[in-house]
Amino acid sequence: MTRMIHTVFPVPLCVVTLGLCMIAVACGEANEDGQPVSTDSFVADTGTETDSAAAPEWEIELVSDMAAGIQTRLVAGPDDMLGLTWFANDAFDDGLCDEIAVNPPTRLRQRFYYGVKSGSASPWTVEEVDSPVITLLPTGLSLAYSPDGLPTIAYTGGVPEGQFCGGNDAVLATRTATGWQFETAASESGDSQTGIVGSDEGMVVGLWPALAYSASGEPAVVHKDAHFGALQSIDLRKADAEFAWRRGGGWIYEAIDANEGAGEPNALVFDGDTPIAVYGIPVETQQDSRKGVWAARRADDGTWEEKIQLHEGAISTDIAAGINPVTGELVVAFYSASDKAVRVRRLSDLSNFTNSLSWTSEIVTRALYDEGDYLSLAFTPQGKEVLAYHRCRLNSSTSDSCDQNDEAALLAIRTDGVWRDEVITASAKGSCGEYTSVAVDSRGVAHVVYRCTENDGDQYYFRLFVASKEIEAQ
């Protein structure tokens, strides 16, 4: 396995200036919910140079020689071990999908991997986990460590059914001493009974899974139920966000938000043993549209009546959520298409969960760029919020595609109410900075995975890199 380490100096940090704060106050800045936006939430591109001789350097390492990967998830595990999961870039042909009785299509599979790094001086050890059947693209990975330190990956697996040649179960893969063990967390639309006509029918569940462990050590998954697999548009418009939780050795099933197109993407956090789901509704309806980002909290009786809309409008491929280990705040971050930037919603008093006035709203940056896709969130040991995301193009661009001249992987840190961001690495030739995911270890070292184009002889390949540096002192 090739191992490459090199260092790069950070580009200028963006800081909030007093002048911008005064402008924001004078103009009465407000978000799309009509709530005042904190003036300390905006990052201005000052154009000043950072003293790179004094600034910490990023140490960048190639994860593997293989051409990879998409839908990455990076997690800091026990003893500052790093765990990483990702899909291969491309699917492979696995013959006819003979599970389909009428006009079977080609069966496509896409491999995904788990990599582990046990110390700063050790190389990445990589192994294939599974190669689930897909339709067009894989539908997400989620990685978490169990209380006893075992890595568990949630994904969409299972055997094709009906006329749907794709994975259709919520599956957990756990790495034990004897290898990977697989468990089905949910398999049917009817697992989570809603009583709504059509909502309890179908078998395509487990899409866009979000995995987390409760304080008592039991795994749970938020996932999308697409019923018959989007073979008809109604499967998308009537999709459900659903919840599966292993308790007492068995699985319980509940509907979080049914029949409204919910469940893409998803995030899950536990406040002790109380699960909080944050999910997207990507579909637009003519009447009472709920498109945007929602949060829901489970009551002790298994209902999810406490819901609040955190954002109205289009987002992107990820929602990141977490509870600050120092302040206890619930933090939710996502890319806002209308802002062309990351928006963060924060709740200090969880007893006011459904009170919109209790949630603050921030824009992380007001730079020249459209940035914030492939978003992830972590916290330092001192409770600083850390975001990693992709820079796509200039805001002035008329193209819908990212510009290779502008692409980059970025890190943003919130210190004393102020967001500062910096470029980890920028595109030299080809696309760079996609599929970012951040983890912070107990030493205050940030680790960010991202995908970049690399030249190998006369060929160019997408490969995964992990950049690391200490940030707690910043």
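Colleague: How many helices and strands does the protein have?

Modeller: The structure above is a predicted model. Its secondary structure consists of elements of both kinds, and the protein has two helices and 32 strands.

Colleague: What percentage of the 474 residues in the protein is buried?

Modeller: A residue is called buried when its relative accessible area is under 20%. By that cut-off, the buried share of the 474 residues is 55%.

Colleague: Which pattern do the disulfides of the protein follow?

Modeller: A disulfide is a covalent bond between the sulfur atoms of two cysteines. In this model the count comes to three disulfides. They join Cys97 to Cys165, Cys392 to Cys402, and Cys432 to Cys452. With bonded cysteines counted along the chain, the pattern is 1-2, 3-4, 5-6.

Colleague: How many residues apart are Cys97 and Cys165?

Modeller: The sulfur atoms of Cys97 and Cys165 lie 2.1 Å from each other, and the link is right-handed, with 110 degrees about the S-S bond. Cys97 is in the loop between strand E5 and strand E6, whereas Cys165 is in the loop between strand E11 and strand E12. The pair thus links distant parts of the chain, and the two cysteines are apart by 68 residues.

Colleague: Is Cys97 buried or exposed?

Modeller: The cut-off for a buried residue is under 20% relative accessible area. Cys97 has 0% relative accessibility, so this cysteine counts as buried.

Colleague: Is the disulfide of Cys392 and Cys402 left-handed or right-handed?

Modeller: Cys392 lies in strand E27, and Cys402 lies in the loop between E27 and strand E28. The torsion about their S-S bond is about -110 degrees, so the disulfide is left-handed.

Colleague: What is the relative accessibility of Cys402?

Modeller: The two cysteines of this link can be considered in turn. Cys392 is buried, with a relative accessible area of 9%. Cys402 counts as partly exposed, and its relative accessibility is 33%.

Colleague: What is the torsion about the S-S bond of Cys432 and Cys452?

Modeller: Cys432 belongs to strand E30 and Cys452 to strand E31, 20 residues apart. Both cysteines are buried, and their sulfur atoms are 1.6 Å from each other. The disulfide is right-handed because the torsion is about 45 degrees.

Colleague: Why is strand E16 largely enclosed by the rest of the structure?

Modeller: Strand E16 covers residues 240–247 and has eight residues. The strand is largely enclosed because the number of its residues that are buried is six.

Colleague: Which residue in the hairpin of E16 and E17 takes a positive phi?

Modeller: This hairpin has two residues between the strands. The residue with a positive phi, near 60 degrees, is Gly248.

How values were computed: Residues numbered from 1 in each chain as written. Predicted model: local features only at pLDDT ≥ 70, side-chain atom pairs only at ≥ 80, totals over all residues. Heavy atoms only, no water. Disulfide = S-S within 2.5 Å. Helix = DSSP H or I, 4+ residues; strand = E, 2+ residues; numbered from the N terminus. Buried < 20%, exposed > 50% of the residue type's maximum accessible area, 1.4 Å probe, protein only. Pairing = 2+ DSSP bridges.
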